[in-house]
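Here's a quick tour of the model on screen, written for someone who likes to know the cut-offs behind the words. Have a look first, then read on.

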Amino acid sequence: YHLPNPAFDLIVANILTPIIVDFIGQGIARALRPGGRLIVSGIKQKNVPRVLRALPAAGLEEVDRQVEGQWAALALRQAKRRSFIKRLFSGGGNVI
């Protein structure tokens, strides 16, 4: 997909989960201006984890979730960057 330079404050997609996951993987977040939001809906509740798994690699995080019956909508934003030290120690592992 060809995406413009960051140009949008809001992108809304009401489509099925596989297409949403594909858009996220293709870098739709790059089309958002800083502070912009991506709202995705048309997601069956059972598929929400699939969408959430795609977010970290795309630099996105969930801001809000609305559920109606079996359907869900997610509000996403660009993930806030954490400092190197916080990333280093957030894994709970040992540091040598």
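## Overall layout

Going along the sequence, the order is β-α-β-α-β-β-α. This is a predicted model, so a few ground rules: local features need pLDDT of at least 70, side-chain atom pairs count only at pLDDT 80 or more, and totals for chains, interfaces and linings use all residues. Numbering starts from 1 along each chain as its sequence is written, and side-chain values use heavy atoms, with hydrogens and water left out.

Of the 96 residues, 27% are buried; buried is under 20% relative accessible area, exposed is over 50%, and partly exposed is in between (1.4 Å probe, protein chains only). The protein exposes about 6700 Å², with carbon and sulfur atoms supplying 54% of that; the areas come from the Shrake-Rupley method with a 1.4 Å probe, and for residues only the protein chains shown count as cover. Contact means heavy atoms within 4.5 Å. Among contacts with a separation of 6 or more, 61% are between residues 24 or more positions apart.

Helix α1 covers residues 17-25. Which of its residues are buried? They are T17, I20, V21 and I24. They span an arc of only 95 degrees around the axis, so they sit on the same side of α1; the arc is taken from the directions from the helix axis to the C-beta atoms. In general, an α-helix has 3.6 residues a turn, so residues three or four places apart point the same way. The cover over the buried residues of α1 includes β2, α2, β3 and β4. After the helix comes G27, with a positive phi near 95 degrees.

T17 has a relative accessibility of 3%. Leaving out residues up to four places away in sequence, T17 touches G42, I43, K44, N47, R50 and V51. L16, in the loop between β1 and α1, is exposed at 53% relative accessible area. L16 and I43 are 27 residues apart in sequence, yet their C-alpha atoms are 6.0 Å apart in space.

## Helix α2

Helix α2 (residues 48-58) has V48, V51, A54 and L55 buried. Their arc around the axis is only 125 degrees, which puts them on the same side of α2. These buried residues pack against α1, β2, β3 (60-68) and β4 (71-78).

The face turned away from that buried side carries the exposed residues R53, P56 and A57. G59 follows α2, and its phi is positive, near 75 degrees.

The S41 side chain makes a polar contact with the side chain of N14 at 3.0 Å. That term means a pair of N or O atoms within 3.5 Å; within protein, one must be able to donate a hydrogen and the other to accept it, and residues adjacent in sequence count only if both atoms are side-chain atoms. Beyond four places in sequence, S41 touches A13, N14, I15, I20, A72 and A73.

V12, in strand β1 (residues 8-14), is exposed with a relative accessible area of 56%.

Note on methods. Helix = DSSP H or I, 4+ residues; strand = E, 2+ residues; numbered from the N terminus.
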